[in-house]
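Try each task before you read its solution.

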Amino acid sequence: MLKLLKEKQVRNALMSLALVLATAGLVAAPDQAIAGAKDGLALCFNVIVPSLFPFFVLSSLVVDLGLAAYLGRALERVMRPLFRVSGSCAAAVALGFIGGYPVGARTALQLYQQGLCSKTEAERLLSFCNNSGPAFILGVVGAGVFGDSRVGLLLYLTHALASLIVGLLFRFYGGPERRQRPKSAPQAKPIQAVTLPAAFTGAVSRSFQNTLNICAFVIFFAVILQLMSFYGVFGILAQLLAKMGFQPEWARRLVAGLLELSSGVSSLQGGSQFAGRISMAAFMLGWAGLSVHCQVLSFLVDSGLSARTYLLGKLCHGVIAAALTYCLTRLLPLSAPVSSYLAEQAESIASLDFSTALAASSLAALGGWLLLAALCRSLWRNKCGNSQHNHV
């Protein structure tokens, strides 16, 4: 079977058959496809655009205005020994934890394109810098799904710790360090080489285009998931996993989480085996889902960077986060009564109108930008002061 799949003609035939079946399924169930597209559009309008667009602008300004270069010079002695990446990569790590998927991956690609890190360093960075934001884990997963803010805090801590562990593991990727600039990337720009008006206008236009690309993937997967549910594909995949030893209920949850994060974590609400549900939520948050992966891979298509380290890193992230969460729930047992108050609170967060959500996200991005700028300025002044003192 594997030998047949290696044949180009066989792969093309299977791809053509899959496209024909997908087209037939779309034509045969237009109502379900329209409903899925509407759900995807609502998600983009209420969640994706307000939450990602300001942080995309922030990440572009951090790179173009030279703040990443300031961080690189100040934090080189921290990032290089721990993760074997340049100090500039600290910007991608920080923004990845604050902004959520796929802000960290987009920042890593920008650093590589600006020549602030090598190809190998960028691939190492991609393995652990693309993480879920605190708002989603604490608000939606913790308070909304499990009805306990302590669960959200536990999941965020294990999520962050697992990400750092993955970064430590992937420091060995690429063999000996090579101090060569990527051939396709331009030379590193001097600090503050781009003026603020030019950097701002470029950041807004690029960020808007990137946000539209992500919304396209979100809508597409919303339609696909709706059709898969209508035609019983989820049930078939769950039955296959059940034959491998999974219980049918857990198999359905795992299939949903592998494909799309929001659907996966929503399926974990209610039921028994509290530790198991939290551990599976940790795995889904670390893995992020096929929809998020497609969003990241859309950035990497013409970059020359390998997607293998990214995908392997996300798989390791999910497994490590699930293991850490399971161990901590055994050491620190938590109860998760589903509170109606917390459920209403989570629902109100998810149903914020566009203007309110965009304003809140923009203020958070602006605050993060100002904090990062102040940190860069402080670190750089301290370093310059120490250098002058040593020369004296």
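**Exercise 1.** Find how the axes of helix α5 (residues 90–99) and helix α6 (residues 103–113) are arranged.

Solution. The axes come within 7 Å and cross at roughly 160°. Axes are lines fitted to C-alpha atoms, over the stretch in contact for helices, and angles run from 0 to 180 degrees between N-to-C directions. Helices are DSSP runs (H or I, at least four residues), numbered from the N terminus. α5 and α6 are therefore roughly antiparallel to each other (angles over 145 degrees).

This is a predicted model: local features need pLDDT of at least 70, side-chain atom pairs count only at pLDDT 80 or more, and totals for chains, interfaces and linings use all residues. Residues are numbered from 1 along each chain as its sequence is written, and side-chain values use heavy atoms, with hydrogens and water left out.

**Exercise 2.** List the residues where α5 meets α6.

Solution. Take α5: Ala91, Ala92, Leu95, Gly96 and Gly99. In α6 they meet Val103, Gly104, Thr107, Ala108 and Leu111. Contact means heavy atoms within 4.5 Å.

**Exercise 3.** Name the residues that touch the most other members of the largest nonpolar core.

Solution. That core has 81 residues. A nonpolar core is a set of buried Ala, Val, Leu, Ile, Met, Phe, Trp, Tyr and Cys residues joined through side-chain atoms within 4.5 Å; buried means under 20% relative accessible area (1.4 Å probe, protein chains only). Leu111, Leu125, Phe146 and Leu155 touch the most other members. Helix α14 (residues 274–287) gives the most to this core, with nine residues.

Notes:
Helices (H or I, at least four residues) and strands (E, at least two) are DSSP runs, numbered from the N terminus. Angles under 35 degrees count as roughly parallel, over 145 as roughly antiparallel, 65 to 115 as roughly perpendicular and the rest as oblique. Buried means under 20% relative accessible area, exposed over 50%, partly exposed in between (1.4 Å probe, protein chains only).
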